[in-house]
Amino acid sequence: MTRIFDDPTEFADAAIDGLVAAHRHRLERLDGGVVRASEMQDGQVAVVIGGGSGHYPAFAGLVGPGLAAGAACGNLFASPSAGQIYRVAKAAANGGGVLLSYGNYAGDVLHFGQAQERLNAEGIETRTVVVTDDIASAPQDRFGERRGIAGDLTVFKVAGAAAEEGADLDEVLRLAEKANHRTRSLGVAFDGCTLPGADAPLFHVPADTMSLGLGIHGEPGISDHELPTSAELAELLVSRLLQDRPAEAGTRVVPIVNGLGTVKYEELFVLFGHVDRLLAEAGYDVVEPECGELVTSLDMSGASLTLFWVDDELERLWTAPADTPAFRRGSVDAGARRTFGAADADTTEHEAATAASAGLGAMAAEMIETARDVVVHHEGELGDLDAIAGDGDHGIGMRRGVEAAAAAARSVAGERCARDVLAAAGDAWSEKAGGTSGALWGAGLAAVGQVLGNKEEHDGADAAAAADAFRDAVVALGKTELGDKTMVDALHPYADAVRAGVAAGRPVAEVLAEAAGVAMEAARATAELRPKKGRARPLAEKSLGHPDPGAYSFALIATGIAERLAARTRA
């Protein structure tokens, strides 16, 4: 259990602040993460990594010469926002373009993708390599669907070393993709991890058993097994990984035994000894291995094994010097400290609001405050639901997002039009929540704002158009469909019900109340679905019988807003 903290919602930022204070000669703190403090070569590719916090040394601990130029750091187990990634990448960029690299999780893909589009639009050439090393999360013929776990390190190290050697962006991209293709990982858990402020782990593993194929975000494994001896565990991990080895793999391999939080180094060394023996017996030559904590999951009790098949160029880059807070190899001349400019100021000019739109903007701020109250009330329930087949952060992520959205909306309500109020709320939600839900709710609110605009008057047709716009934005960004077991399964019937009610000429408050009921019924019906997207997908069977957290939180918010509007109508 995490015991050293103040406000649990600020734990991730406080940890990064402390890391930078402890490594001030290596790191520079930014709004959104960290960058290397030392100078880079002119025209050097900036390798920018990132993901949720709670995984130290990943991601901020891997920033420095010979490795990453920057790391975008999200909330605990939640992806950084597009804004955070953009700011870190822009600060890290040094004329040679940017390579973004991160584990394959839905929220990270959404936010890093948005940041990449923005960087490219500004003339900073940006590419992406997504890490997909976890063999438990998808079969080999669906390699691109696999999660990124401890194999992140091999991809980041190869890319960072290539950039340090002066390779251009195309070459750094090629080598990073090659490293990813030659990396395989598999992990086990002996018990779950506990988020700061929580009174219980996200999941428990039964006594005398272990969970095979866990994720690094508090997700449980895909199957439970009787607790083996260390030799039996090594045999299981090595045999499974060798069965999945790349077709072009040779006999040189880098083994990485990784502790996930509470397994002691001596235990990891015992496991590594067996791994080393088994690889030798299988005819492999071990190259520059690693054994320790490299990608953790807060206080999870567990370990993983990564095998990285190298050739001459990959071995050279893997063994090249590096100097970061958590990964050091060889001798590095860090050079002088870089200078960093101030963040760009917001100089956006806003159109004067019509009286009707200013009033609607104030009402929108009130409804977002209602959504905040709903989420705060149900935060624990949403986290528990998410922990069944995910990482348990949906409650805290939604709370961070909606609290930021409510504050941003209220700060401009009454002065700005509905479009600007909702745009501010959407930006804040995406920025503070991170994760998939942050991206989707941020995009949805912004889309509603665009529809409502700055008009002289509004009617029921605007309510229908707003519901459609929210749905369309979520579907387009999340690339989800009905039946995928996501928020869309509640959102689609909600929008349809709103449009039908408005077309029938009924009052908006009455229409939204009925639509909220439809959304809740649809959300509960997702219990019978198997997830096809997101972190719950590898644990489809465990999610059966439980509604999707995103669909359920949407239905709760829709219900709360409908009740608030009904109360306003009666007043």
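Me: What makes residues of helix α4 count as buried, and which are they?

Reply: In α4, the buried residues are Asp152, Leu153, Thr154, Val155, Phe156, Lys157, Val158, Ala159, Gly160, Ala161, Ala162 and Ala163. Buried means under 20% relative accessible area, exposed over 50%, and partly exposed in between, with a 1.4 Å probe and protein chains only. The model is predicted: local features need pLDDT of at least 70, side-chain atom pairs count only at pLDDT 80 or more, and totals for chains, interfaces and linings use all residues. Residues are numbered from 1 along each chain as its sequence is written, and side-chain values use heavy atoms, with hydrogens and water left out.

Me: Why is α4 described as largely enclosed by the rest of the structure?

Reply: Of the 14 residues of α4, 12 are buried, so the helix is largely enclosed.

Me: Why is Thr154 called buried, and what is Thr154 in contact with?

Reply: Thr154 has 0% relative accessibility and therefore counts as buried. Thr154 lies in helix α4. Apart from neighbours within four places in sequence, Thr154 is in contact (heavy atoms within 4.5 Å) with Ala179, Thr183, Ile256, Phe308 and Trp318.

Me: How do you know that the span of α4 agrees with its number of residues?

Reply: The expected span of a helix is 1.5 Å times one less than its number of residues. For the 14 residues of α4 (residues 152-165) this gives 20 Å, and the end C-alpha atoms are 20 Å apart, so the two agree. Gly166, with a positive phi near 100 degrees, follows α4.

Me: What is counted as a helix or a strand, and how many are there in the protein chain?

Reply: Both are DSSP runs numbered from the N terminus: helices are H or I with at least four residues, strands E with at least two. The protein chain has 17 helices and 15 strands.

Me: How is the contact of α14 with α17 described, and which classes of residue take part?

Reply: The axes of α14 (residues 488-503) and α17 (residues 549-570) come within 7 Å and cross at roughly 35 degrees. Axes are lines fitted to C-alpha atoms, for helices over the stretch in contact, and angles run from 0 to 180 degrees between N-to-C directions. Ala490, Leu491 and Tyr494 in α14 meet Ala551, Phe554 and Ala558 in α17. By class, the contact has six nonpolar, no polar and no charged residues; Ala, Val, Leu, Ile, Met, Phe, Trp, Tyr, Cys and Pro count as nonpolar, Asp, Glu, Lys and Arg as charged, and the others, Gly among them, as polar.
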